[in-house]
Structure formats: C-alpha cells, structure tokens
Amino acid sequence: MDNCLKELRAQRGWSQAELAERLDVSRQTVNSIETGRYDPSLPLAFRIARLFGLPLEVVFRDQ
C-alpha cells in the first residue's frame with residue numbers, strides 16, 4: 001500500500017520519533033510504514049488519518 005506519511009510528517013516538521021509518540025507506536029514502526037515495508041493495522045491507519053485531519057484514502061492509496 002502506498003502512502004504519503006513521510007510528506008505529511010515533513011510538512012509539520014515532525015521527526016519520526018515525534019510522530020511515533022503521537023501515535024503511541026515505535027519510531028521503527030513509523031519508518032517501516034513510510035518505506036512501505038509494513039502496512040498498518042486498520043485502527044492504526046485510522047489514527048494516522050485522524051491525526052493529520054485527512055480521509056484515510058488520501059493518506060493511504062492502493063498501488
């Protein structure tokens with residue numbers, strides 16, 4: 001699944017660690033999602049979309 005998490009995070013000036021803290025996950029999880037090595041669970045995907053105030057399908061796109 002493709003995503004724009006890295007761009008959204010950069011727009012806010014957050015480090016991976018800061019985003020991870022806001023989502024209550026590890027920095028490694030954020031890195032894995034950003035690089036496409038890991039697809040988040042549905043609850044985590046919804047938390048990410050809510051945090052950025054965007055619809056789920058804007059943050060995550062089917063390749």
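Helices (H or I, at least four residues) and strands (E, at least two) are taken here as DSSP runs, numbered from the N terminus. The structure is a predicted model, in which local features need pLDDT of at least 70 and side-chain atom pairs count only at pLDDT 80 or more, while totals for chains, interfaces and linings use all residues. Residues are numbered from 1 along each chain as its sequence is written, and side-chain values use heavy atoms, with hydrogens and water left out.

Helix α4 spans residues 42-52 and is followed by Gly53, whose phi is positive, near 65°. Burial is assigned from relative accessible area, with buried meaning under 20%, exposed over 50% and partly exposed in between (1.4 Å probe, protein chains only). On this scale the buried residues of α4 are Leu44, Ala45, Ile48, Ala49 and Phe52. These residues cover an arc of only 140° around the axis, which puts them on the same side of α4; the arc is that of the directions from the helix axis to the C-beta atoms. An α-helix has 3.6 residues a turn, so residues three or four places apart point the same way. Leu42, Pro43 and Arg50, on the other side of α4, are exposed. With contact defined as heavy atoms within 4.5 Å, the buried residues of α4 pack against α1 (5-11), α2 (16-23), α3 (27-34), α5 (56-59) and β2 (60-61).

A nonpolar core is understood as a set of buried Ala, Val, Leu, Ile, Met, Phe, Trp, Tyr and Cys residues joined through side-chain atoms within 4.5 Å. The largest such core holds 16 residues, of which Leu5, Leu19, Ile33, Ile48, Phe52, Val59 and Phe60 touch the most other members. Two or more residues of this core are given by each of α1, α2, α3 and α4, and the largest share, five residues, comes from α4. In soluble globular proteins, nonpolar side chains tend to be buried together. When residues up to four places away in sequence are not counted, Ile48 touches Leu5, Leu23, Ile33, Val59 and Phe60.

Phe52, in helix α4, counts as buried because its relative accessibility is 6%. Not counting residues up to four places away in sequence, Phe52 touches Leu5, Leu8, Arg9, Arg12, Trp14 and Leu19. The C-alpha atoms of Phe52 and Asn3, which are 49 residues apart along the chain, are separated by 13 Å. Aromatic pairing was assigned to rings of Phe, Tyr and Trp (its six-membered ring) whose centres lie within 6.5 Å, with planes under 30 degrees apart counted as stacked, over 60 as edge-to-face and the rest as tilted. By this rule the count comes to one aromatic pair. The rings of Trp14 and Phe52 have centres 5.6 Å apart and planes at 40°, so the pair is tilted. Because Trp14 lies in the loop between α1 and α2 and Phe52 in helix α4, the pair ties together parts that are 38 residues apart in sequence. Both Trp14 and Phe52 are buried.

In α3, the buried residues are Val30, Ser32, Ile33 and Glu34, and the buried residues of this helix pack against β1 (2-3), α1, α2, α4 and β2. Just after α3, Gly36 takes a positive phi of about 80°. Glu34 has a relative accessible area of 14% and is therefore buried. Leaving aside neighbours within four places in sequence, Glu34 is in contact with Asn3, Leu5, Lys6, Arg9 and Gln16. The side chains of Glu34 and Gln16 are joined by a polar contact of 2.8 Å, a term that denotes a pair of N or O atoms within 3.5 Å, where within protein one must be able to donate a hydrogen and the other to accept it, and where residues adjacent in sequence count only if both atoms are side-chain atoms.

Salt bridges, defined by a side-chain nitrogen of Lys or Arg within 4 Å of a carboxyl oxygen of Asp or Glu, number two in the structure. In one of them, the side chains of Glu34 and Arg9 meet at 2.5 Å, N to O. Glu34 lies in helix α3 and Arg9 in helix α1, so this pair ties together parts that are 25 residues apart in sequence; both residues are buried. A salt bridge also joins the side chains of Arg61 and Asp2 (3.4 Å, N to O). Arg61 lies in strand β2 and Asp2 in strand β1, so the pair ties together parts that are 59 residues apart in sequence. Arg61 is partly exposed, with a relative accessible area of 33%, and Asp2 is likewise partly exposed, with a relative accessible area of 33%.
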